Amino acid sequence: MPFKGVDFYRIDDLLSDEERMVRDTVRRFVDERVVPIIDKHFEEATFPSELIPEMAEMGLFGGTLPEEYGCANMNNVAYGLVMQELERGDSGLRSFVSVQGALVMYPIFTFGTEEQKQKWLPLLARGQKIGCFGLTEPDHGSDPAGMETRGRRTNKGWVLNGTKRWITNGTISDVAIIWAKAEGDIRGFIVETKIPGFQAPEIKNKLSLRASVTSDLILDDVLVPDGNLLPNSSGLKAPLMCLNQARYGIAWGAIGAAMACYEWAVEYTKGRIQFDKPIAQFQLVQEKLAHMLTEITKGQLLAWRLGRLKDEGKLHFSQTSMAKRNNVRVGLETARLARDLMGANGITLEYPIFRHMCNLESVYTYEGTDHIHTLILGEHITGLPAYK
Ligand code: TGC
Ligand code: FAD
């Protein structure tokens, strides 16, 4: 079914011509290149790597970074619209682009030397190198400050030891940004994955984000040259700054998935006859459709305002938490309601609904769980941190 677009409050009118053009380009790409193949990839649990060159060509990797590093230098609203469209296709595709840009290119750009930027950013922007971000560990998810991965300084460079878990793109990466406690401080390292002592086995049997590669990273006495330390990264604040970028993209992306589910629910309920009427004519069904559209519209406005604040340099990370938390809730609720309205047909891969619903279960958990974003807001409101 070709996507018509969900824009009840004419948010299009709030976008510039350039923002609309970026959105429409990625919208076409998703309709023509992603939608026809994504169910097969989800079913077979493979990532659609064949799409990497086209996404690079469109400037989607590190899209907001400057042109001097081969990036598209788009504004944050345009980037958000990219994320919305990609996740309308599949959260796995948006995850791939989030990780490459927000979690690999952003830390190199923000905490790296000029030499590191010149070496890595153009390759990553062209999709010739793929990256991953290793923060989470088997025993430290919501609480990354407790990480056990260690960096020890030697006269040959840094020796890294530890295990990271649930790492998007891990097995297919050429380079990993690894966060470790190094001489007492949390630091970021650029680790080339072909190096001795580094392994990245894939985590199998996921029922969510099946069209995305998720891995363990095992570092066993991995020797990293001094020049691969990100010199301006110091403390937990550094990886958390990266997470802000990715959480921003998710706030837009989750609404993309919701838009896809809503549109299918409308079409399906108008065509499905029970008791001699389209089920869309029943009040209980209309209540659900009205609720979905209202929540999507609120989520779109949150994302749009978040983007404008980010472009104006006025964004506080607690505002990103509000949008991530709200919009993933909207995505997941919309997917579940659409599944309900489609009855038994809702559980198959014939329609994208259940796939989105399964994906969004991960999106609810990664990049800060729903609880963690609630507590970030709680701390912002009260000044009292309730995590510990
Ligand atoms: P806390 O003491 O609160 O903070 C340490 C320092 O960092 C500052 N800070 C932030 N700075 C920038 N952005 C943020 N979001 C920040 N949050 C805190 C804070 O002001 C402090 O600064 P300073 O100057 O005083 O040192 O740290 P805490 O240990 O109490 O932890 C706080 C908490 C729980 C919010 C944090 O640990 C957290 O966000 N946990 C969630 C972990 C998480 O989101 N992991 C995500 C891993 S990556 C991932 O999931 C990728 S999925 C990718 C995909 O496929 O799309
Ligand atoms: P836990 O932290 O153990 O949480 C379990 C439950 O306890 C949750 O409900 C949580 O909200 C709750 N909880 C924990 N602490 C508190 C508290 N203080 N108050 C209230 N409730 C609390 N990580 C990376 O570093 N890089 C990646 O690329 C990456 N990709 C991922 C891809 C996928 C598909 C998934 C599923 C995860 C990925 N992650 C990645 C990991 C992700 O960030 C973590 O799963 C997430 O941070 C939660 O950690 P956890 O799974 O260990 O859950």
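**View 1. Strand S3 in the shell around ligand 2.** Strand S3 gives the most to the shell around ligand 2, namely 3 residues. Strands are DSSP runs of E with at least two residues, and helices are runs of H or I with at least four, numbered from the N terminus. The model is predicted: local features need pLDDT of at least 70 and side-chain atom pairs 80 or more, while totals for chains, interfaces and linings use all residues. Residues are numbered from 1 along each chain as written, ligands are numbered from 1 in the order written, and side-chain values use heavy atoms, without hydrogens and water.

**View 2. Polar atoms around ligand 2.** An oxygen atom of ligand 2 lies 2.6 Å from an N or O atom in the side chain of Ser142. A nitrogen atom of ligand 2 is 2.7 Å from a polar backbone atom of Trp166. The protein covers 68% of the 970 Å² of accessible area that ligand 2 has on its own (Shrake-Rupley method, 1.4 Å probe).

View 3. Strands S4 (residues 175-182) and S5 run antiparallel and are joined by 8 bridges; two strands pair if DSSP finds at least two bridges between them. Ala176 stands opposite Val191 in S5. The hairpin has 2 residues between its strands, and Glu183 in the turn has a positive phi of about 55°.

View 4. Strand S5 (residues 185-192) is largely enclosed by the rest of the structure, because 6 of its 8 residues are buried. Buried means under 20% relative accessible area (1.4 Å probe, protein chains only).

Technical notes: Buried means under 20% relative accessible area, exposed over 50%, partly exposed in between (1.4 Å probe, protein chains only). A polar contact is a pair of N or O atoms within 3.5 Å; within protein, one must be able to donate a hydrogen and the other to accept it, and residues adjacent in sequence count only if both atoms are side-chain atoms.
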